[in-house]
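Dear colleague,

I am handing over the structure below, and I would be grateful if you could look through it with the notes that follow. They begin with the aromatic residues and then move on to the cores and the chain overall.

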Amino acid sequence: MITLRFLFAGLFACVATACVAAVVDGPNQLAKALRDAIPGTALELAPGHYGAVVIDRVTGPVQLTAARPDDPPVLTAITITNSSDIGFEAIKIDYRARPDAPLWLPAVDIRKAQGISFRGVVFDVDPEFQNTEDWYEAIPEDSRPAKEQPFYHLLAENDQSFYVAYVSEQNLV
């Protein structure tokens with residue numbers, strides 16, 4: 001339902017205003033594009049490292065997607081405040097907790113915001129299978145992926161909710 005609301009809002013914004021599409025190539029361009037974003041803005045992030053991204057007082061719909069999903073842009077953290085209808089797709093979050101940082105400091109910090117969506121956003125990778133044996137055994141034997149490959153932790157969504165998915169590299173779509 002959230003996805004449909006976001007999609008319809010984006011379609012309406014594109015009809016009501018000129019859609020703004022831009023390829024962003026680095027953290028400074030991204031910060032400027034977010035400051036200048038209007039409803040209907042679509043930002044394609046080129047491969048590279050963007051550091052911590054701050055989104056403040058942005059009213060969407062605004063969509064951030066990977067320009068090349070096979071080589072996703074890497075963010076170290078996302079902070080969203082006083083914003084609405086922001087979507088992320090095929091982005092990687094490479095968050096590393098610092099020993100001197102408070103334990104509660106999250107990779108994604110959302111405050112006073114609504115309509116935030118994540119689709120296919122990778123936030124952690126295990127070089128090989130590291131989930132429980134029960135989880136693995138629950139997969140039908142003819143569909144089980146090999147354990148000796150990377151497994152990705154993804155922020156995903158379906159028609160009813162957002163969830164964390166654990167996906168083998170061979171099953172990434």
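Trp135 is partly exposed, its relative accessible area being 30%, where buried means under 20% relative accessible area, exposed over 50% and partly exposed in between, with a 1.4 Å probe and protein chains only. Please bear in mind that this is a predicted model, in which local features need pLDDT of at least 70 and side-chain atom pairs count only at pLDDT 80 or more, while totals for chains, interfaces and linings use all residues. Residues are numbered from 1 along each chain as its sequence is written, and side-chain values use heavy atoms, with hydrogens and water left out.

A search of the whole structure gives seven aromatic pairs; rings of Phe, Tyr and Trp (its six-membered ring) pair if their centres lie within 6.5 Å, and planes under 30 degrees apart count as stacked, over 60 as edge-to-face and the rest as tilted. One of these pairs joins Phe129 and Phe151 edge-to-face, at 5.3 Å centre to centre and with 75 degrees between the planes. Phe129 lies in the loop between S9 and helix H3 (133-137) and Phe151 in strand S10 (residues 151-157), so this pair ties together parts that are 22 residues apart in sequence; helices (H or I, at least four residues) and strands (E, at least two) are DSSP runs, numbered from the N terminus. Phe129 is buried, with a relative accessible area of 12%, and Phe151 is also buried, with a value of 0%.

Trp135 and Tyr166 form another edge-to-face pair, with 5.4 Å from centre to centre and 80 degrees between the planes. This pair links distant parts of the chain, since Trp135 sits in helix H3 and Tyr166 in strand S11 (residues 162-168), 31 residues apart. Tyr166, at 12% relative accessibility, counts as buried. Ring pairs link Phe129, Trp135, Tyr136, Phe151 and Tyr166 into a cluster, and Lys147 lies over the face of Tyr136, at 4.6 Å from the ring centre (a charge sits over a ring if NZ of Lys or CZ of Arg is within 6 Å of the ring centre and within 35 degrees of the ring normal).

Phe123, which is found in strand S9 (residues 121-126), is partly exposed, with a relative accessible area of 29%. Leaving aside residues up to four places away in sequence, Phe123 touches Ile93, His153, Leu154, Leu155 and Val164, contact meaning heavy atoms within 4.5 Å.

Turning to the cores, the largest nonpolar core has 26 residues, of which Leu30, Leu64 and Phe88 touch the most other members; such a core is a set of buried Ala, Val, Leu, Ile, Met, Phe, Trp, Tyr and Cys residues joined through side-chain atoms within 4.5 Å. The elements that give two or more residues to this core are helix H2 (27-36) and strands S2 (41-45), S3 (49-56), S4 (59-66) and S5 (74-89), and the largest share, five residues, comes from S5. A second, separate core of five residues includes Val122, Tyr152, Leu154 and Ala165.

As for the chain overall, it has three helices and 11 strands, and 39% of its 173 residues count as buried. Residues 24 or more positions apart account for 54% of the contacts in the chain with a separation of 6 or more.

With best wishes
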